[in-house]
Amino acid sequence: YLLLAIETSCDETSVAVVRDGRNVLSNIISSQIDTHRQFGGVVPEIASRKHVESITIIVEEAIREADISLENIDAVAVTQGPGLIGALLVGVVAAKSLSLALDVPLIGTHHIAGHIYANHLIGDIVYPALALVVSGGHTELVLLEQEGKFRIIGRTRDDAVGEAYDKVARALQFPYPGGPYVDKLAQEATEEVVLPRSWLEPDSYDFSFSGLKSAVLAEINRSRMKGESPDFSALARGFQNSVIDVVTVKAMKAAKEFGVKQMLLCGGVAANKGLRERLASLCGDVGLPLLIPTNKLCTDNAAMIAAAADLKWRRGEFSTLDLKAEPILSLEDWSVGS
Ligand code: ATP
Ligand code: MG
Ligand code: FE
């Protein structure tokens, strides 16, 4: 069956055509980042307007690249939330129109379920599995006891990892979003400024990154007060190592405690080279299978939304035409069968 999926939760307008939930025929991503960069972050009003301008064109492009016609589509999936309300609305309205016009089911989909199930486009998922979600707005450890059942066992209490990367990147004078630049600088660094690790309570799977971000800013100020120029690459390395230590140690501990058979890495920060390598090495040490999406499938894209929507398609769990865009939406509540 052919599923057309739409993702407009933030600043990427993306449309994909996926066969049988796993075979990506097209995955068109139109990023607005050049527009938002001058403001140092995503401007919600502008994001909505840009989605309106491009959604029809991107749908057509996805259809053309998949080499199908619109009439072949069997279902339409869309990111329902979480995300920017105005941005989500554009996708939801487009998806409803298509569902109505083509008379096919509509599947409202959770953005983070999409990030997690991007892994299903890469390989077979073995349950129970543990997902380490590291994105621009989320940092979570999600236990999947079975397919489509999400249980959050840890989450950030302040900044998400991607958010911390972007704030640190700004302090290191990189353009927005700066995560990839910090990653590259950290890889190239020869020195390291050792920064604190935020472990929280010994039994907690929660995270906190705002203190680490402040530590980077404090180091920069300290150097400048002494009339020295801060060593940006040593700071990038120190920041990246602290983040990677904490998220991977907690993920490995949870994997052991819950006896999972597979680790899944996902979200935009899963594109981080240092993190991919470290997690691969730790999982390798204990013989735990690991899936990580390709970089294109880590950051926001519609193919991952199709992969998650497929869970609902196979169970006949469809949305009605009164589907609403939800800026805040619970992942656990989106589980199949609920
Ligand atoms: P969410 O999925 O939580 O709603 P989002 O969709 O805005 O948030 P994603 O697109 O999943 O976020 O990820 C974007 C984030 O990933 C940005 O913060 C960006 O800096 C970060 N990122 C991308 N590549 C890298 C990298 N190589 N190293 C570190 N961070 C990265
Ligand atoms: Mg984005
Ligand atoms: Fe995302």
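**Figure 1. Right-handed crossing of helices H2 and H3 in the predicted model.** In this predicted model, helix H2 and helix H3 cross in a right-handed sense. Helix H2 spans residues 44–66 and helix H3 spans residues 85–102; their axes come within 8 Å and cross at roughly 25 degrees. Because angles under 35 degrees count as roughly parallel, H2 is described as roughly parallel to H3. On the H2 side, the residues that meet H3 are Pro44, Glu45, Ala47, Ser48, His51, Val52, Ile55 and Val59. On the H3 side, their partners are Gly86, Ala87, Val90 and Ala94. Sorted by class, the contact of H2 with H3 comprises eight nonpolar, three polar and one charged residues.

**Figure 2. Contact between helices H5 and H6.** The axes of H5 and H6 come within 8 Å, with a crossing angle of roughly 75 degrees. Since angles of 65 to 115 degrees count as roughly perpendicular, H5 is placed roughly perpendicular to H6. From H5, the contact draws on Gly162, Tyr165, Asp166, Val168 and Ala169. From H6, Gly179, Tyr181 and Val182 take part. By class, five nonpolar, two polar and one charged residues form the contact of H5 with H6.

**Figure 3. Residues listed by UniProt as a binding site.** The unreviewed UniProt entry lists His111, His115 and Asp300 under "binding site". These residues are spread over 190 residues of sequence, yet they cluster in space, with a largest C-alpha distance of 8.8 Å.

Figure 4. The unreviewed UniProt entry places the feature "domain: Gcp-like" at residues 23–306.

**Figure 5. Two cis peptide bonds in loops.** Most peptide bonds are trans. In contrast, the bond from Gly81 to Pro82 is cis, with omega near -10 degrees. Pro82 lies in the loop between strand E4 (75–81) and H3. A cis peptide bond also joins Tyr176 and Pro177, where omega is about -10 degrees. Pro177 is located in the loop between H5 and H6.

**Figure 6. A positive phi at Asp20.** Most residues other than glycine have a negative phi. Asp20, a residue other than glycine, has a positive phi near 50 degrees. The loop that holds Asp20 runs between strand E2 (12–19) and strand E3 (23–31).

Definitions and conventions: Residues are numbered from 1 along each chain as its sequence is written. Chains are lettered from A and ligands numbered from 1 in the order in which they are written. This is a predicted model: local features need pLDDT of at least 70, side-chain atom pairs count only at pLDDT 80 or more; totals for chains, interfaces and linings use all residues. Axes are lines fitted to C-alpha atoms, for helices over the stretch in contact, and angles run from 0 to 180 degrees between N-to-C directions. Helices (H or I, at least four residues) and strands (E, at least two) are DSSP runs, numbered from the N terminus. Angles under 35 degrees count as roughly parallel, over 145 as roughly antiparallel, 65 to 115 as roughly perpendicular and the rest as oblique. A crossing is left-handed if the near helix is turned anticlockwise from the far one by less than a right angle, and right-handed if clockwise. Two residues are in contact if their C-beta atoms, placed from the backbone, lie within 7 Å. Ala, Val, Leu, Ile, Met, Phe, Trp, Tyr, Cys and Pro count as nonpolar, Asp, Glu, Lys and Arg as charged, and the others, Gly among them, as polar. UniProt positions are given in the numbering used here, feature names are shortened, and annotations may be inferred rather than shown by experiment.
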